[in-house]
Amino acid sequence: MCASNLSTLQVSYMHIMNAEPSLGLWLNDAPKDMLEVLNEAATRHTLMLFPSYNAIKKEIHVRISDLPILDSLRDLRREHLDHLV
């Protein structure tokens with residue numbers, strides 16, 4: 001990511017579930033709050049490793065990939081709001 005001067009870190013949901021299952025559950029229950037925490041942690045860690053990276057990108061954004069369940073657009077309902085789908 002840093003070698004390409006990117007600002008997005010892609011993290012596998014399955015990797016999170018295997019490493020820290022509670023984080024995966026929290027991510028599913030409160031994705032907005034968890035993504036804010038993950039963005040802040042990724043930004044801090046990147047700046048710790050590359051102090052001048054702040055001049056390239058102000059914030060690192062975490063994106064979650066490999067969700068185990070895929071819902072079709074027709075199946076989305078109100079209960080899916082504020083959840084990963």
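Begin by selecting Leu47, which lies in helix α3 (residues 31–49); helices here are DSSP runs of H or I with at least four residues, strands are runs of E with at least two, and both are numbered from the N terminus. The model is predicted, so local features need pLDDT of at least 70 and side-chain atom pairs count only at pLDDT 80 or more, while totals for chains, interfaces and linings use all residues. Residues are numbered from 1 along each chain as its sequence is written, and side-chain values use heavy atoms, with hydrogens and water left out.

Leu47 is partly exposed, at a relative accessible area of 29% (buried means under 20%, exposed over 50%, partly exposed in between, with a 1.4 Å probe and protein chains only). Beyond its neighbours within four places in sequence, Leu47 is in contact with Tyr53 and Asn54 (heavy atoms within 4.5 Å). Display Glu59 next: its C-alpha atom is 9.6 Å from that of Leu47, although 12 residues separate the two along the chain.

Now select the whole of α3. Which of its residues are buried? They are Pro31, Met34, Asn39, Ala42, Thr43 and Thr46. These residues cover an arc of only 170° around the axis, which puts them on the same side of α3 (the arc is taken from the directions from the helix axis to the C-beta atoms). Arg44 and Met48, on the other side of α3, are exposed.

To see what covers the buried residues of α3, show β1 (8–12), α2 and β2 (61–65), which are included in that cover.

Finally, move to Leu25 in helix α2 (residues 21–29). Leu25 is partly exposed, with a relative accessible area of 49%.
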